[in-house]
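Trainee: I would like to learn how to read pockets, cavities and helix packing in a model. Could we work through one together?

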Amino acid sequence: MGGTEEFFDAVEEQEDPLDDLNETDELKKRCLHELREWAKSQPHFVNCRFDNNFLLRFLRMRKYHVDLAQQVLDKYLTVKTKYPMTYQKLDIHKPSLRDLISNGYVFPLPERDKDGRIVLFCMAKALDATKHKQSDVFKSFLLTYEVLMECELNQKRGINYIFTQEGYQISHALLVGLRDLQKMVHSGEKAIPLRHKELHWMNVPKYLATLFQLLKTFLSQKLQDRIIIHSDLSSLQKSFPPSMLPKEYGGTIPLREMTARWIEILDSKRDQILALDEMKVDESKRPKDKQSGRILPRLVNSISRMEIY
């Protein structure tokens with residue numbers, strides 16, 4: 001890595017990316033207008049953002065099906081309001097959260113993959129159940145998502161994952177219970193406007209094989225089909241060139257240097273991320289009639305199934 005430009009590539013815009021959305025200026029203009037006018041008409045939305053960057057992430061997640069984008073936007077604001085302990089105060093200045101991310105629990109690699117996607121590197125052994133809380137685990141991902149979603153290239157191309165499981169301990173499972181993890185995974189798929197692509201898993205201990213199969217059932221069938229298991233580092237390096245990876249996994253840049261730069265970026269985005277807490281819903285003003293709140297029945301059922309706290 002020759003300088004800061006490559007690392008900022010983790011969150012900054014690139015020109016003319018290839019995408020699978022069939023996105024055109026006309027389509028963007030028409031759908032943005034429709035979604036913005038709908039959002040402005042919702043009496044229960046409080047301080048919702050109406051800028052293009054914010055609304056486009058919902059449209060791109062749902063491939064410009066405006067009615068589906070409306071559902072995700074409503075869910076996004078609803079879970080932020082209903083479950084503030086998880087979805088609000090994504091503050092990188094919180095010591096335990098900062099320590100978890102600094103240790104490499106989740107951070108974007110500084111180089112994009114061959115398809116122009118950000119790759120999130122997630123290291124299980126960074127979690128210390130004696131220092132980190134369950135909320136830190138969830139917030140580390142939510143904070144990362146919120147920062148990455150500000151980049152339109154990430155909205156278009158989506159993100160890939162590398163989960164390396166060496167160092168996974170029983171205390172991790174006790175800290176993040178299966179039921180709680182199921183809730184979080186479900187909300188991440190349904191209420192976070194981000195396109196999740198490939199999920200690469202490496203060094204899954206044999207004693208976790210049964211648990212891993214159970215974890216897979218928490219995902220939609222689409223994401224289950226995108227799981228790729230690697231038996232060792234050489235297998236992973238067939239999917240990702242070693243130059244992309246931390247030095248400890250065959251690359252040239254030490255993991256600590258990667259995470260330190262990511263922490264700098266999170267620090268620079270802190271005020272912007274905390275301001276997202278101003279957006280919420282006022283359930284007392286949610287439309288009750290079927291015509292003005294046509295997505296309400298499905299939304300309420302979906303939120304109830306999430307049961308996120």
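Trainee: How do the residues of the lining of the largest pocket divide into nonpolar, polar and charged?

Mentor: Keep in mind that this is a predicted model. The general idea comes first. Rolling a probe the size of a water molecule over the atoms shows where empty space is left. Here the largest pocket has a volume of about 370 Å³. Its lining has 14 residues, and those closest to the centre are Met-61, Arg-62, His-196, Lys-222 and Arg-226. By class, the lining has nine charged, three nonpolar and two polar residues.

Trainee: Which elements each supply at least two residues of that lining?

Mentor: Those elements are helix H10 (178–190), strand S5 (196–202) and helix H12 (221–224).

Trainee: How many cavities of 30 Å³ or more does the structure hold?

Mentor: There are two. The second largest cavity contains about 40 Å³ of space. Its lining consists of Tyr-76, Lys-80, Tyr-87, Leu-90, Leu-142, Tyr-145, Glu-146 and Ile-192. H4 and helix H7 (134–149) are the elements that give two or more residues to this lining, and H7 gives the most, with three.

Trainee: What classes of residue are found in the lining of the second largest cavity?

Mentor: Six are nonpolar and two are charged, with no polar residues.

Trainee: Now the helix pairs. At what angle do H3 and H4 pack?

Mentor: Read the angle together with the distance between the axes. Helix H3 (residues 52–61) packs against helix H4 (residues 66–82) at about 120°, and the axes are 8 Å apart. H3 and H4 are therefore oblique to each other. Their crossing is right-handed.

Trainee: Which residues of H3 and H4 meet?

Mentor: On the H3 side they are Phe-54, Leu-55, Phe-58, Leu-59 and Met-61, and on the H4 side Val-66, Ala-69, Val-72, Leu-73 and Tyr-76. This contact has 10 nonpolar residues, with no polar and no charged ones.

Trainee: How do the axes of H6 and H7 cross?

Mentor: Helix H6 (residues 95–102) and H7 have axes that come within 10 Å and cross at roughly 70°. That makes H6 roughly perpendicular to H7. The crossing of H6 and H7 is right-handed.

Trainee: Which residues make up the contact of H6 with H7?

Mentor: Ser-96, Leu-97, Leu-100 and Ile-101 of H6 meet Asp-136, Val-137, Lys-139, Ser-140 and Leu-143 of H7. By class, this contact has five nonpolar, two polar and two charged residues.

Key. Residues are numbered from 1 along each chain as its sequence is written. This is a predicted model: local features need pLDDT of at least 70, side-chain atom pairs count only at pLDDT 80 or more; totals for chains, interfaces and linings use all residues. Side-chain values use heavy atoms; hydrogens and water are left out. On a 1 Å grid over the protein atoms alone, a cavity is a set of points where a 1.4 Å probe fits but cannot get out, and a pocket is an open set with protein on both sides within 12 Å along at least five of seven lines; lining residues have an atom within 4 Å of a point. Grid points are joined across faces, edges and corners, and a volume is the space filled by probe spheres set on the points. Helices (H or I, at least four residues) and strands (E, at least two) are DSSP runs, numbered from the N terminus. Ala, Val, Leu, Ile, Met, Phe, Trp, Tyr, Cys and Pro count as nonpolar, Asp, Glu, Lys and Arg as charged, and the others, Gly among them, as polar. Axes are lines fitted to C-alpha atoms, for helices over the stretch in contact, and angles run from 0 to 180 degrees between N-to-C directions. Angles under 35 degrees count as roughly parallel, over 145 as roughly antiparallel, 65 to 115 as roughly perpendicular and the rest as oblique. A crossing is left-handed if the near helix is turned anticlockwise from the far one by less than a right angle, and right-handed if clockwise. Contact means heavy atoms within 4.5 Å.
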